[in-house]
Amino acid sequence: QKEVEQNSGPLSVPEGAIASLNCTYSDRVSQSFFWYRQYSGKSPELIMSIYSNGDKEDGRFTAQLNKASQYVSLLIRDSQPSDSATYLCAVNMGTSGYSTLTFGKGTMLLVSP
Amino acid sequence: DVKVTQSSRYLVKRTGEKVFLECVQDMDHENMFWYRQDPGLGLRLIYFSYDVKMKEKGDIPEGYSVSREKKERFSLILESASTNQTSMYLCASSFGGAGYNEQFFGPGTRLTVL
């Protein structure tokens, strides 16, 4: 069974620190990787997408992909209390031929003032 | 900006009722998806559609059906609602084709079946 694994947390960091969120996936042929942020009671919001090995930066967010290790991470610099949310990792496993995503169960991030 | 709307934010139904959840997207996306989200179980795919009148089963299709008569609209139908279908239902859409897999979500419908 194709899986996406995340530590459920909570991950607690102080304001201004770097938060590091990690995700592993089981399907070696996976092609597309996404990070979503979900506030309590709200729907997931896409914050980062990454398709090739290496780093991709967007403001305070950096996504890192290592396909050989089947590992994708999200770094949040200068964490703010407003970053407190659940972060979902999603992977397009690719082999089905459809554009479906497999989601991890999410990591809860708590940023304390 | 991509906009995905869902017909209701909150819905309360009785066991055995037929329930319709509607989703509309305004970005001419080929793909549309229905998920349910439950604590501890994460997002689970119920059905998806990659074209008008086309549908594919996801991971948990039992007890559900879908309809896509127009490109912008994707409906989820609970033929006979049961209490174990109480959940948050999320609709999403994306472009078709290789590499265009970013899915954009609607606000969700919290359904309670009594």
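This is a predicted model: local features need pLDDT of at least 70, side-chain atom pairs count only at pLDDT 80 or more; totals for chains, interfaces and linings use all residues.

The points below take up the interface, the disulfides, one glutamine and some salt bridges.

1. Extent of the interface. On the side of chain B, 25 residues are in contact with 18 residues of chain A. The area buried between chain B and chain A comes to about 1700 Å², and carbon and sulfur atoms supply 55% of that area.

2. Make-up of the interface. On chain B, the elements that give two or more residues to the side touching chain A are strands S4 (31-38), S5 (42-49), S9 (87-94) and S10 (104-105). By class, this side of chain B has 13 nonpolar, nine polar and three charged residues.

3. Disulfide of chain A. The structure holds two disulfides over all chains. One of them joins Cys23(A) and Cys89(A), with the sulfur atoms 2.1 Å apart. The torsion about its S-S bond is about -70°, so this disulfide is left-handed. Cys23(A) sits in strand S3 (residues 19-25) and Cys89(A) in strand S9 (residues 85-92) of chain A, so the pair ties together parts 66 residues apart in sequence. Both Cys23(A) and Cys89(A) are buried.

4. Disulfide of chain B. Cys23(B) and Cys91(B) form a disulfide with their sulfur atoms 1.9 Å apart. The link of Cys23(B) and Cys91(B) is left-handed, with -75° about the S-S bond. Cys23(B) belongs to strand S3 and Cys91(B) to strand S9 of chain B, and the pair links distant parts of the chain, 68 residues apart. Both Cys23(B) and Cys91(B) are buried.

5. A glutamine in chain B. Is Gln25(B) buried or exposed? Gln25(B) lies in strand S3 (residues 19-25) of chain B, and its relative accessibility is 2%, so Gln25(B) counts as buried. The side chain of Gln25(B) reaches the backbone nitrogen of Asp28(B) at 3.2 Å and the backbone oxygen of His29(B) at 3.0 Å. Leaving aside neighbours within four places in sequence, the residues in contact with Gln25(B) include Met32(B), Arg68(B), Lys71(B) and Ser93(B).

6. Salt bridges between loops of chain B. The count comes to 10 salt bridges over all chains. In one of them, Glu79(B) pairs with Lys18(B), the closest N and O atoms being 3.5 Å apart. Glu79(B) lies in the loop between strands S8 (73-78) and S9 and Lys18(B) in the loop between strands S2 (10-13) and S3 of chain B, so the pair ties together parts 61 residues apart in sequence. Glu79(B) is partly exposed at 42% relative accessibility, and Lys18(B) is partly exposed at 44%.

7. Glu30(B) forms a salt bridge with Lys71(B), the closest N and O atoms being 3.8 Å apart. In Arg36(B) and Asp38(B), another salt-bridged pair, the closest N and O atoms are 2.8 Å apart. Arg36(B) is buried at 8% relative accessible area, and Asp38(B) is buried at 12%. Salt bridges that share partners join Asp28(B), Glu30(B) and Lys71(B) into one network.

Terms used: Residues are numbered from 1 along each chain as its sequence is written. Chains are lettered from A and ligands numbered from 1 in the order in which they are written. Side-chain values use heavy atoms; hydrogens and water are left out. Contact means heavy atoms within 4.5 Å. Buried area is the accessible area (1.4 Å probe) that two parts lose on being put together, summed over both. Helices (H or I, at least four residues) and strands (E, at least two) are DSSP runs, numbered from the N terminus. Ala, Val, Leu, Ile, Met, Phe, Trp, Tyr, Cys and Pro count as nonpolar, Asp, Glu, Lys and Arg as charged, and the others, Gly among them, as polar. Buried means under 20% relative accessible area, exposed over 50%, partly exposed in between (1.4 Å probe, protein chains only). A polar contact is a pair of N or O atoms within 3.5 Å; within protein, one must be able to donate a hydrogen and the other to accept it, and residues adjacent in sequence count only if both atoms are side-chain atoms. A disulfide is a pair of cysteine sulfur atoms within 2.5 Å. A salt bridge is a side-chain nitrogen of Lys or Arg within 4 Å of a carboxyl oxygen of Asp or Glu.
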